[in-house]
Amino acid sequence: MVKHSSSSSSEGDERYAMVDEKKRKRMISNRESARRSRMRREQHIKDLNCQITYFKTKNCEIAQKINSITKQSIDVVLENEVLMRMRDELRKKLESLEIVSSYVCMNRGDFPRHNSQPWLLSHQSVLLNY
């Protein structure tokens, strides 16, 4: 029986050794898995930081383009206002010239002819009687 008890104690030691070996392998495997997980997380954080940098740069570029286009738009609006004022002034001058021209023609007895380009007056209507 002593043999039996010593053999069973030997079997128990082997069993504990196998359980300890499994625990040790599992612990090593878990540590490796945790290390890989940390590495993946670190790489993911690096990738996210790269994306942040890229999108910040793109955002600045877009903001600069918006500012440039806004300035161009303001310049065009201002130029358009100037041109509209000039157009209005030229229309008023043309109306005044048409009134003066019709008055001169009426006093001379000439009837003003319809001219599609009133700014191009004929030589006869330009001559004034003094």
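Colleague: How many salt bridges does the structure hold?

Modeller: There are five salt bridges in the predicted model.

Colleague: Start with E21. Which side chain does E21 meet in a salt bridge?

Modeller: The partner of E21 is R24, at 2.7 Å from N to O.

Colleague: Where do E21 and R24 sit in helix α1?

Modeller: They are three residues apart in that helix, so about one helical turn separates E21 from R24.

Colleague: And how accessible are E21 and R24?

Modeller: E21 has 30% relative accessibility and is partly exposed. R24 is partly exposed too, at 40%.

Colleague: Next, R35. What does its side chain meet in a salt bridge?

Modeller: R35 meets E32, with an N to O distance of 2.7 Å. R35 and E32 are three residues apart in helix α1, so they too are separated by about one helical turn.

Colleague: Which residues are linked with R35 in a network of salt bridges?

Modeller: The network links R35 with E32 and R36.

Colleague: What are the relative accessible areas of R35 and E32?

Modeller: The value for R35 is 36%, which makes R35 partly exposed. E32 is also partly exposed, with 32%.

Colleague: Which residue does R87 meet in a salt bridge?

Modeller: R87 pairs with D88, and the N to O distance is 3.0 Å. Both side chains belong to partly exposed residues: R87 has a relative accessible area of 37%, and D88 has 32%.

Colleague: Changing topic: what is the count of disulfides?

Modeller: The count is zero. A disulfide would be a covalent bond between the sulfur atoms of two cysteines. For the count, a pair of cysteine sulfur atoms has to lie within 2.5 Å.

Colleague: Take C50, then. Is C50 buried or exposed?

Modeller: C50 is exposed, because its relative accessibility is 54% and the cut-off for exposed is over 50%.

Colleague: And C105, buried or exposed?

Modeller: C105 is buried, because its relative accessible area is 7% and buried means under 20%.

Colleague: Last topic, the surface. Which residues make the nonpolar patch?

Modeller: V82, L83 and M86 make a nonpolar surface patch of about 260 Å².

Colleague: Where is V82 found?

Modeller: V82 lies in helix α1, which covers residues 2-108.

Technical notes
Residues are numbered from 1 along each chain as its sequence is written. This is a predicted model: local features need pLDDT of at least 70, side-chain atom pairs count only at pLDDT 80 or more; totals for chains, interfaces and linings use all residues. Side-chain values use heavy atoms; hydrogens and water are left out. Patches are made of residues with over 30% relative accessible area and no salt bridge: like charges are joined within 9 Å, nonpolar side chains (Val, Leu, Ile, Met, Phe, Trp, Tyr) within 5 Å. Accessible areas come from the Shrake-Rupley method with a 1.4 Å probe; for residues, only the protein chains shown count as cover. A salt bridge is a side-chain nitrogen of Lys or Arg within 4 Å of a carboxyl oxygen of Asp or Glu. Helices (H or I, at least four residues) and strands (E, at least two) are DSSP runs, numbered from the N terminus. Buried means under 20% relative accessible area, exposed over 50%, partly exposed in between (1.4 Å probe, protein chains only).
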